[in-house]
Structures are given as structure tokens and as C-alpha cells.
Amino acid sequence: MTSSTAPAAVFDSGSVETGGLPRLFLGPVVAIAAAFVAVEMAAAARYGLHRDELYFLACARHLAWGYVDQPPFVPAVARVAVSLFGTSAFGLRILPAAFGGVTIVLCAATARELGGGRRAQLFAALAAATSPQVLGTFHLLSTAAFDLFFWVSITFLVVRLLRTENERWWIAIGTVAGIGLLNKFNVAFLAFGLVVGLVAAHRGRMLRSRWLWAGGAIAVAIWTPNLLWNARHDWAAIAMLRSLHQENSTIGASASFVPAQLIVVGPMLLPFWFAGLGRLLRHQFARSLGLAYITLLIVDIASGAKPYYLGGIYFVLFAGGGLWLEERLAAGRRSPRRYAWWFVLGAVAAIPLTLPVLPVTVLPTGDWESKINKDLSASVGWAHVARQLGDVVAALPASERANVVVFTGDYGAAGAVDLYGKRYGLPNAISGHNSYWWWGPSGATDGATTVAVNLSRAYLLTIFSTVTPAGTVDTAHGVWTEERDAPIWICRNQKISWARAWPDARHYG
């Protein structure tokens, strides 16, 4: 009997443990995932590269086992993407979009592990494919995109572990967690939430399994090269986390965390999200996943975490929501087509806010409006920044242009200069921001004229005797970015060498 005609009892979690799993409806689920990837790639080449993508490209040219603000996974992916597809927004975003498609399939597969049939799997996939956080995050090459993939992979494996009670699945969980830690440390918070959830759901005996400890050992072994890199670099990641905590851990951040989840997950998915959580909390073997979500929600509120940090746990809630909706439909309540249209309408509402489908001219010009999705405006105008700096350099006497130094206050401008600067006669940039500081002032000639951007005059006067304004950064159509109106300076008569100046140039954030 198929999921569309079976009574609700067929989809009770108990039937999964005592009988076989429902069929995996791979064709329709893959069709939803393929449509998601197609939408992502259709928008991939609009606007331009994001400031973080420029930075990842710079990191890819300095491959290492770690960086100040992330482990090595995404820079390595950027290196692969450039090798396969070239240096372009379209090429750089192929792999994130593909991983997004796999994430949607795993969300549907999680619904199946919970006991969901065709409708549960399809609605879980639809929820994942139309959620604003998923649409926006997988648009860019970022640690956040792959973090979502690792979270859904781990929660899928945990649900399978709980369903089968085959503790050898801890090996797979540990392996995926270890690779996930090479992408973003956020996976460790998921592990914490899962441990609390298992204990609270009276499944703590699973934590005493020798297979869990074997899986944990594998995770640590995979993560070890990054830990060693940090040990050799003054635990830069910890210093970075401390800096971010100081920036974000405010009463306002904590108070806005829960309302922000409506934007992250999508207002249209609110009933589905809540019903999914309720269904998990009533589930025979997966109650611990619902408790893990509640644990992480409390921790993130208390710590003032960024709203998207919780994003990866919603996939198992979507799977629970699919199970709930399938049971509701089996009871004869409304048509499944009506619910499907609800998801489609949610996507239509979300796409203009998450993907670059609108003209640049309608992007926010003010700081407040840009907070809806800063990633869109952060993808505008970076080649123009390099061109502006190139115009400043071109106006210098020929003797000064020969050894000119470009010094930036942030990795976005530095990445733009490194990628686009050659066409405007610029050398590679130096910067004290994050990992750029660790790469040092390579190529900077002491005593040469320096063009600086997004740095204060007071700071520059500690290095140079003469600091002259040369304009400010402007953006296309006045679009707000973190770089807009940043000062550009011409600095001469250097007082101290770059080697002496460099320790004070470092800033993380």
C-alpha cells in the first residue's frame, strides 16, 4: 500500500523499527533537487563575486591546513573549482549549488528514515528547496553552504543509527563530523546538542558504545592537521572566535535571535517547522533530535550567536514536518496539491530576497535596509573598487608607480585588488586583516609610495609622515556595502619599515 492511500498508522515510527522502510521515491525528489540547482545556476553569474569569495580565492592561492577565520575545506574547494571551471562567479558557484541539491535529497531521505512515504519525502524536499536560508546560502561559495550539507548528513546518519540501533554507524558519523570540522567548527555545537538530546531522551547508553569512541577518534584524527596549524599560529582561530563573540554577543543579538529564525527558515514554513518539531518530540526513536534542536536554540540565544548558525538542524525538522503532513493527508484533511502550492509561493516570495534576480538599481542604499540580506550588496562593485584604486595609481608620477604598494584595511578590498588589479596596473595587495596578516607585507618596498584604502589617517600616520586624501570608494548606483565611502589615501615618506609596522597592522574580525 502506498503512502497516498495508507492509513496514518502505517507511518507511525514504530512500524519502521519493526518492518521495512518505505520506498525511497528518488525520482521526484531528485527532480526537486535538480530544479533547485537550476535556479541557483540561473542566478549564479548575476552581480559578481562576494567579498568572502574573493577572500577564499586568495586563501586558495595560499593553501594551508588552516586560516584565521576558517579551516581549510572551502579554500581547497575554491582551488578545485578554479582548476575545473575557471575564475568566475558561475564557475565558483557550481559546487555549492550541487551540494545544495544533495542536501535536499538527504533531507528527503531523513524523512524516509523516520518512516515517511512518498508525500513525506516530497514535502521535506520541497521545504528544504524553498527555505530562504537554503536558497541564499547555496548561492555562494562559503563555509555556511557546506556546513548545511555536513549538518544534514550527520543528522541523517544519527536518525539511521537510532532506527537500526546498529552502533557501527558511529564510524560514519565520526568521519563526516571530522570532515565537517575541516570546514567550520560549528559542527562541534551540533555534536553537543546531539549528546544532550540523547541523554534527555534516555538514550544515553548509546554514548557508552565503543563504536562512538572509535568514531570520535576518527573525527579528531581528521581534524588534527587544522589543530596543529592553529597551535603553530598562536591559536588564531580562538582569537578570531573571541573577536566575533565580542562583536555579536549583545542583548540585542540575543533578543533578535528567535524572530530572525522566521527570516532564516522562511515565514511560509513556520507551521511546517513547528509541526515538524512536535512530530519529532513524539517520535518513538527520534525524540532526541527534537531535544537537540531545543538545546541548540537555547545555547545560541544565550551566546548571541548569528541567526544562521542554527540553520543546519532545520533539515531534520523539515523531515519531521513531512511525516506530520503525510499523516494529516492520510486522515483525509485537505488536498496535497494545496500544500504543494504553499511551498511554491514561499519560494516565489523568498527568491528576490535571497538570489540576485532583481536589477542592481533596486538594491538597498542604506545600512538598515541592507541587513535583510547583506550578501547581495556584498556581491556588487568589487572590480570597480580595483579600478578606482588603479585610477589613483595611474595619476602618480611614473617613478612612484614602479614600486607602489596597495595597503587595504579589509580582505574584501585586498581580494579585489589581487583578482582584478592587474588589469589596472596594481600589484597584489597587503592587508592586516585576518589571514592576510599572516601572509605578511610580501612584495612591499620600504619607502615606496603607498595607496591605502579603508584605513584611518591616524593609523597611517604612525607609518608615514605624509597622508593625503585621494577620494572615497563609491559603488554602482549608490548600493550600500561595507566598503562604500571608505577613504582612499596616498601615503609618502615612510617612517618605519614594513617589518616594524606589521605587528600593529593585525586585526581580526
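Analyst: Note that this is a predicted model.

User: How many bridges join strand β3 to strand β5, and how do the two strands run?

Analyst: β3 covers residues 450-453 and β5 covers residues 487-494. One of the pairs across them is A452 with W489 of β5. The strands run antiparallel, and the number of bridges joining them is four.

User: Which strands stand at the edges of the sheet?

Analyst: The sheet is open, with mixed pairing, and its five strands have the order β2-β1-β3-β5-β4. An edge strand here has a single partner, so one side of it is left without a neighbour in the sheet. That applies to β2 (430-431) and β4 (464-472).

User: Which helix packs on the sheet?

Analyst: The helix in question touches β1 (405-408), β3, β4 and β5. Its direction makes about 150° with that of β3. It spans residues 382-394 and is helix α21.

User: Are α6 and α9 roughly parallel or roughly antiparallel to each other?

Analyst: Helix α6 (residues 94-113) packs against helix α9 (residues 143-164) with the axes 9 Å apart, at an angle of about 20°. Angles under 35 degrees count as roughly parallel. The two helices are therefore roughly parallel.

User: How many nonpolar residues does the contact of α6 with α9 have?

Analyst: Residues of α6 including F99, V102 and L106 meet residues of α9, among them F149, V152 and F156. Three residues in this contact are polar and four are charged. The nonpolar ones number twelve.

User: Is N226 buried or exposed?

Analyst: N226 lies in helix α12 (residues 210-232). Its contacts include W65, P71, L182 and F185. The relative accessible area of N226 is 1%, and the cut-off for buried is under 20%. N226 is therefore buried.

Notes:
Residues are numbered from 1 along each chain as its sequence is written. This is a predicted model: local features need pLDDT of at least 70, side-chain atom pairs count only at pLDDT 80 or more; totals for chains, interfaces and linings use all residues. Side-chain values use heavy atoms; hydrogens and water are left out. Buried means under 20% relative accessible area, exposed over 50%, partly exposed in between (1.4 Å probe, protein chains only). Contact means heavy atoms within 4.5 Å. Two strands pair if DSSP finds at least two bridges between them. Axes are lines fitted to C-alpha atoms, for helices over the stretch in contact, and angles run from 0 to 180 degrees between N-to-C directions. Angles under 35 degrees count as roughly parallel, over 145 as roughly antiparallel, 65 to 115 as roughly perpendicular and the rest as oblique. Ala, Val, Leu, Ile, Met, Phe, Trp, Tyr, Cys and Pro count as nonpolar, Asp, Glu, Lys and Arg as charged, and the others, Gly among them, as polar. Lists of a residue's contacts leave out its neighbours within four places in sequence.
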